[in-house]
Amino acid sequence: MSAANRNRGHNAERNVVKWLKTQGYEDARTTRAALGHDGAHAPGDVIGPVGLVIEVKDVARTWWQDWCRQADEEANGRPWVVVRRLRGVKDVGAWPCCYRTEDMLRLSRPVLTFAEFLAAFEGDR
């Protein structure tokens, strides 16, 4: 992975953290910020709502199946969500997301965006 791609990914993660803070998750942070180099071995890219593993992607091609497999493996049975940055869309809440089928069945309604997922996830707790 090139340095430019890595930086793009880190920026997307920081944007998710900033957005989560505007949604009331003041303790949101990237796993690297929270754990230093050990963050590379932590589940997910962002620490946000308790119990939720958040994986953030910022790449030109979409690989939902691979990303979801990665998130599921890292989450170790916990709920997870993969959020993909859309080029030209500044509102993180409007970025598309993917999540476990079990969570879809548990949530009160199907969702398409990260904001909708978070609202449904929190409303179901």
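Analyst: Start with D45, which touches E13, T30, T31, I54, E55 and V56, leaving out residues up to four places away in sequence; contact here means heavy atoms within 4.5 Å. The model is predicted, so local features need pLDDT of at least 70 and side-chain atom pairs count only at pLDDT 80 or more, while totals for chains, interfaces and linings use all residues. Residues are numbered from 1 along each chain as its sequence is written, and side-chain values use heavy atoms, with hydrogens and water left out.

D45 sits in the loop between helix 2 (31-35) and strand 2. Helices (H or I, at least four residues) and strands (E, at least two) are DSSP runs, numbered from the N terminus. D45 counts as buried because its relative accessibility is 11%; buried means under 20% relative accessible area, exposed over 50%, and partly exposed in between, with a 1.4 Å probe and protein chains only.

Strand 2 (residues 46-47) runs antiparallel to strand 1, and two bridges join them. Two strands pair if DSSP finds at least two bridges between them. Five strands form an open sheet in the order 1-2-3-4-5, with mixed pairing. Its edge strands are strand 1 (29-30) and strand 5, each pairing on one side only. Helix 1 packs on this sheet, touching strand 1, strand 2 and strand 3, and its direction makes about 130 degrees with that of strand 3. Such angles run from 0 to 180 degrees between N-to-C directions, along lines fitted to C-alpha atoms, for helices over the stretch in contact.

P49 counts as buried because its relative accessibility is 3%. Apart from neighbours within four places in sequence, P49 contacts L20, Y25, I54, L118, F121 and E122. Its C-alpha atom is separated by 8.7 Å from that of D27, 22 residues apart along the chain.

I54 is in contact with D45 and with P49. I54 also belongs to the largest nonpolar core, which has 21 residues; I54, V16, L20, V81 and F114 have the most contacts inside it. A nonpolar core is a set of buried Ala, Val, Leu, Ile, Met, Phe, Trp, Tyr and Cys residues joined through side-chain atoms within 4.5 Å. Helix 1 gives the most to this core, with five residues.
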